[in-house]
Amino acid sequence: MDYRKLCLNAIDIIHKTGEYIKRESQAFTQQMVETKSHNSFVSYVDLKAEQRLVDGLDKLLPEAGFITEEETIRKSGEVFNWVIDPLDGTTNFIHGLPVYSISVALMENGKPVIGIVYEVERHETFYTWVNGAAYRNGYKINVSSSPTLSESLLATGFPYHDFAIMDSYFEILKELLPNTRGLRRMGSAAIDLAYVACGRFDAYFEYGLSHWDVAAGAFLVQQAGGVAGRFEENSKHSTGDQILASNGKIHQEILSIITEKMMASE
Ligand code: 2AM
Ligand code: CA
């Protein structure tokens, strides 16, 4: 399998889908939004973008199946499966905030072999394939080298549906805010992870995510020399729910704060 070629071909499909999303963003209004569940929104743009990605990727690798946020296709691959979020940062998109992305990963026997995050409005493509390096628009990227929390800029996502964890989450923020350069909340997990991979953020953590939010981004972080995984066992291949991704150097420092505050609230 030529993963590099497959990755570059997938990027072409993603770029065309990005053009579609950008075009639609010009005429988009709040009336076009549907509510999936509390605070969970979807629009025809998410659905149409997903269909475009699925059509293109299905032609590119016919034996592969799909795990997608909008479930526009039911097809399971024996070896290969694409994991797709056609629009990560939907809340930003529907409010006209230009921070959203397309996230696509290819899994081979459950392990990531390609990861692509395309930040549509900035025309930034972050991508990697197994045994290759990680890139941003053709340039190699690496995680940051910040050795301590005090020199670090962090990203996070606020709880938006599971409010039971709010107290412990705010305890974590109380500890991190005075001891870092600050925290940012971008609203797209895939972008947060891509920014850790290229060193803009030193670490990122969030609860309540899905596989398609993090599959590509977590692989990008690992390929760029960082660490990404769940809070507890910090497994090598993240499957969502919760994630801590970092440059590796400050990982333990943040992990201790998160586990201490989470345990205190149990
Ligand atoms: P989505 O835009 O594809 O739904 C940001 O906190 C991350 O959580 C994003 O990756 C976002 O993915 C996901 N998310 C899902 N529902 C959300 C919501 N209601 N508000 C904010 N983020 C949400
Ligand atoms: Ca989405």
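So, the calcium ion, ligand 2: its protein donors are Glu-69 (OE), Asp-85 (OD), Asp-85 (OD) and Leu-87 (O), at 2.1 to 3.1 Å. Donors here are N, O and S atoms within 2.8 Å of the metal, or 3.2 Å for Na, K and Ca, and water is not among the atoms, so sites may look incomplete. Along the chain, the donors of this ion follow the spacing E-x15-D-x1-L. Glu-69 sits in the loop between β3 (65-68) and β4 (80-88), and Leu-87 is in strand β4, 18 residues apart. Helices (H or I, at least four residues) and strands (E, at least two) are DSSP runs, numbered from the N terminus.

Quick caveats: this is a predicted model, where local features need pLDDT of at least 70, side-chain atom pairs count only at pLDDT 80 or more, and totals for chains, interfaces and linings use all residues. Residues are numbered from 1 along each chain as written, chains are lettered from A and ligands numbered from 1 in written order, and side-chain values use heavy atoms, leaving out hydrogens and water.

Okay, the sheet. It's open, with five strands in the order β11-β10-β12-β14-β13 and mixed pairing; pairing takes at least two DSSP bridges between two strands. At the edges, β11 (182-184) and β13 (227-229) each pair on one side only. Inside, β10 (residues 153-156) and β12 (residues 203-209) run parallel over three bridges, with Leu-154 opposite Ala-203 in β12.
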